[in-house]
Amino acid sequence: MSSAVESRPLQAAATAPLLAAEPPSWLAQVRLLTSRVAVEAFRNPVLILNLLLALLFLVVYDGTVGGVPLLVSFANGNYYNFILPAAILAASVGGGAAGLLLVADIRSGYLRRQLTMPIHRSALVTSLMLTSACQVVLQATVVILFGIALGADPATGLAGILCVLGLAFIWGLGFAAYSVAVAVITRDVQMTSAANLIFIPLIFLSPLLVPYEYLKPWLQTAADFNPARYVTEGMRSLLIDGWDGHMLVDALAASLAFCLVMGIAAVTAIRFRSLGADE
Amino acid sequence: MATIELEEISKIYSRGVSSIAALSGLSLSVKAGEALALLGANGAGKSTAVRILSTLSKPNSGSARIAGFDAVSEAPQVRARIGVALQETGIYPAGRVRQVLRHQGRLFGLDRPAAARRGDEIIELAGLAKVANQRVQRLSGGTRRRLDLGLALLHRPPVLLLDEPTSSLDPFSRHDFWRELGRLRDEGTCILFASQSLEETEHLADRVVLMAEGTIWRDDISVAAVRDIWAGNVVGS
């Protein structure tokens, strides 16, 4: 492109001051930022790979332990109902896309530009979390549909499935925040990806494959402190037993607490980075 | 009242047990309608000063104010009033030029039609019409730089903070931007820029400050004098 060709009297571009009186509200910022991030996230083929991974988990779990009579008995005769939460939580690793999107913004210098603009740090984090949580819900939806096609029959029907997706959304928000915090601290694609994968064994420190009562004592203790336990059991109760208010409240409280702690960690990390840590 | 005020700013970078003083008691002020050039050798502290004013970095001591707002405690107010273009461009690569400009306009509070209109003005201004629908990742370094400078001007900030603003531009674009920046300065915009280019400084600056070792070595020095000093390698060492 020749700028000589396009060079023209620049005064034409000058008019009265256009500075907006106020920056947009926090909600408007989140909406604008999310619209940008979502386009990038959903164009990324990693989304498909994460989904395939989750579907593979589902098939492999069923193929390896789905024939064990004891386990099938926990699931009222249908092991897919029992194992669907495991596949959904495995799919939630897709929420780690938030951190990778942030690393891309750090590398392109766009985060630095955003940090010089009147944008709330929490709006930046929230937009990444929302996008990734929506990704997790999309993946969970496909996993559930796949599970139903294979024979799962959720006890609470469509309403229960929507509750499961709601829990997946909140869990996805928390995982996305965790990934953002790691990305801000490490600013490295490989470290952020690795941190996302580390999350998988942590999820398994819970009654993901067998009921809580059958875990070894040390694993039971670990599971007690692992929010994944309560989310798994909440989802499982919806899919196998029907409506259980106690289980649902525990699942909701655990996923919200996880989301809150990770969200605070992410906002703190990004605040620290913007004032002094990026030098 | 000065639009930009730095008072006794010190900044120390720590790396393990070692630390480097990037700024040591830097004080300066720039008025509305004035363009100040910070010149100096690499490591003199020019970019650090720009980063502190841009709210990207926090001083260890001293105060930095823009339009009366403190760059640390009132950073949001400062950010609404500054246009920033740093040494490295900061644009998301997957976006298209027009889309990137409109998106930034919206983030500064312009409504949709105003953001579209202003985006188109910047496309004209920066000579980006032919690439307006291209993705940023496909642009050449110089074109990307023009877009970056356009983004800094988009919301008509009363203060422009630029670091090596036109270093990677071709001569035509460079002159276009110098002319535009000069016009903005004449309309009252306060400009502070760090530079290594005496040509750029000659075209843009009303006042030249020569920095060394994190502080002002010579204030209100002529470009000719800087050229003489640099030729004698006085500061570079």
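**A six-stranded open sheet in chain B**

In this predicted model, chain B contains an open sheet built from six strands in the order E6-E7-E8-E3-E9-E10, and the pairing within this sheet is mixed. The two edges are taken by strand E6 (82-85) and strand E10 (215-219) of chain B; each has a single partner strand, so one side of each lacks a neighbour in the sheet. Direction ignored, neighbouring strands of the sheet are turned against each other by 20° on average.

Strand E9 of chain B, covering residues 207-212, pairs with E10(B) in the antiparallel sense, and four bridges link the two. Within this pairing, B:Leu210 has B:Arg218 of E10(B) as its bridge partner. The sheet also carries a helix: H5 of chain B (residues 141-153) packs on the sheet and touches both E6 and strand E7 (159-163) of chain B. The direction of H5 makes about 170° with that of E6(B).

Turning to the chain as a whole, chain B has eight helices and 10 strands. Its C-alpha trace spans about 50 × 40 × 40 Å along the principal axes. Why can the radius of gyration of chain B be said to agree with that of a compact globule? A compact globule of 237 residues would have a radius of gyration near 18 Å, and chain B has 18 Å, so the two agree. Of the 237 residues in chain B, 50% are buried.

Conventions
Residues are numbered from 1 along each chain as its sequence is written. Chains are lettered from A and ligands numbered from 1 in the order in which they are written. This is a predicted model: local features need pLDDT of at least 70, side-chain atom pairs count only at pLDDT 80 or more; totals for chains, interfaces and linings use all residues. The radius of gyration is taken over C-alpha atoms; the globule rule is 2.2 Å times the number of residues to the power 0.38. A residue is buried if 20 or more other C-beta atoms lie within 10 Å of its own, exposed if 12 or fewer, and partly exposed in between; C-beta atoms are placed from the backbone. Two strands pair if DSSP finds at least two bridges between them. Axes are lines fitted to C-alpha atoms, for helices over the stretch in contact, and angles run from 0 to 180 degrees between N-to-C directions. Two residues are in contact if their C-beta atoms, placed from the backbone, lie within 7 Å.
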